[in-house]
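Here is a short briefing on one protein chain. Keep the sequence and the structure in view while reading.

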Amino acid sequence: MKATGVVRRIDDLGRIVIPKEIRRTLRIKEGDPLEIFTDKEGEVILKKYSPIGELSEFATGYAETLAKTTGHIACITDKDSVIAVSGGPKKEFLEQSLSPELEKVIENKEIYTSKENNEIALPITQNENKERKYNSQVIYPIISDGDVIGSVILLSKEQNAKMGDVELKVVQSAAGFLSSQMDI
């Protein structure tokens, strides 16, 4: 385990403050859920909790089905990273941090569709540069109990591809289904 050199004391209510630098580095915001683990050496481990991440194996299968059905690249994300991808290069997407633009769309519970090839494509991951990679895309938030927990995305790099009502309904259905799995 990596030492940070920061020492904090537990207060009388059992609370501890996570230093701002660590929260910023790990992208932990006020209200974010954390999982608490202990290991055999008595260390306490805090991990940012991802409700949709609990379904990563299921999400992978769902992404494969979406990609086969639509012929497009399918991605499923939590609020911070891509947790499942099919129909495209996994190295490019899987476990990559989301772009700030995509995070904003998801956080605002927006439905994003670039129907025409002349629209600017939204970058999916942080490591994408500003070049246009996708000719069309649909992004639909996954909402559970009123909170955004991720998104379902269809992408196409094909020159003449256009996302229409069918693709929108497909990602809407996928987002609704994944949301319903959180309630089980």
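Among contacts between residues at least 6 apart in sequence, what share joins residues at least 24 apart? The share is 51%. This is a predicted model, with a chain average pLDDT of 85.

**Overall layout**

- The chain has five helices and seven strands.
- Read from the N terminus, the order of elements is α-β-β-α-β-β-α-α-β-β-β-α.
- The C-alpha trace spans about 60 × 40 × 30 Å along its principal axes.
- Of the 184 residues in the chain, 36% are buried.
- The chain exposes about 11,400 Å². Carbon and sulfur atoms supply 51% of that area.

**Confidence**

- A pLDDT of at least 70 is reached by 91% of the residues.
- Where pLDDT is low, the predicted coordinates should not be read in detail.

- Five of the five residues in β3 are buried.
- Both faces of the strand are covered. I73, C75 and T77 lie on one side, while A74 and I76 lie on the other.
- In a regular strand the side chains alternate between the two faces of the sheet.
- β3 pairs with β7 in the antiparallel sense, over five bridges.
- β3 also pairs with β4 in the antiparallel sense, over four bridges.
- A hairpin of four linking residues joins β3 to β4. Across this pair, A74 stands opposite S86 in β4.

**T77**

- T77 lies in strand β3. Is this residue buried or exposed? T77 counts as buried because its relative accessibility is 0%, and the cut-off for buried is under 20%.
- Which residue of β7 stands opposite T77? It is S151.
- The side chains of T77 and S151 also make a polar contact, at 2.7 Å.
- Beyond four places in sequence, T77 touches I52, V82, I83, L98, I106, I142, I149, G150, S151 and I153.

**Nonpolar cores**

- The largest nonpolar core has 21 residues. Those touching the most other members are I52, A74, I76, I142, V152, V171 and L178.
- Which elements give two or more residues to this core? They are α2 (56–70), β3 (73–77), β4 (82–86), β6 (136–144), β7 (147–156) and α5 (165–182).
- A second, separate core holds 18 residues, including A121, Y134, V148 and L155.
- In soluble globular proteins, nonpolar side chains tend to be buried together.
- I76 shows what one core member meets. Neighbours within four places aside, I76 is in contact with A59, Y62, A63, V82, I83, A84, I142, S151 and L178.

- β1 covers residues 34–38, and β2 covers residues 44–48.
- The two strands pair in the antiparallel sense over five bridges. E35 has K47 in β2 as its bridge partner.
- Five residues lie between the strands of this hairpin. In the turn, G42 has a positive phi of about 85 degrees.

**D32**

- D32 sits in the loop between α1 (20–25) and β1.
- Why does D32 count as buried? The reason is its relative accessibility of 15%, as buried means under 20%.
- A polar atom of the D32 side chain lies 2.7 Å from the backbone nitrogen of K29.
- Leaving out neighbours within four places in sequence, D32 is in contact with R27, K48 and K79.

**S56**

- S56 belongs to helix α2.
- S56 counts as partly exposed because its relative accessibility is 30%; that class falls between 20% and 50%.
- How many residues separate S56 from L155 in sequence? The separation is 99 residues, and the C-alpha atoms are 19 Å apart in space.

Definitions and conventions:
Residues numbered from 1 in each chain as written. Predicted model: local features only at pLDDT ≥ 70, side-chain atom pairs only at ≥ 80, totals over all residues. Heavy atoms only, no water. Core = buried A, V, L, I, M, F, W, Y, C linked by side-chain atoms within 4.5 Å. Buried < 20%, exposed > 50% of the residue type's maximum accessible area, 1.4 Å probe, protein only. Contact = heavy atoms within 4.5 Å. Pairing = 2+ DSSP bridges. pLDDT = per-residue confidence, 0-100. Polar contact = N/O pair within 3.5 Å; in protein donor to acceptor, adjacent residues only side chain to side chain. Areas by Shrake-Rupley, 256 points an atom, 1.4 Å probe, with all protein chains shown as cover.
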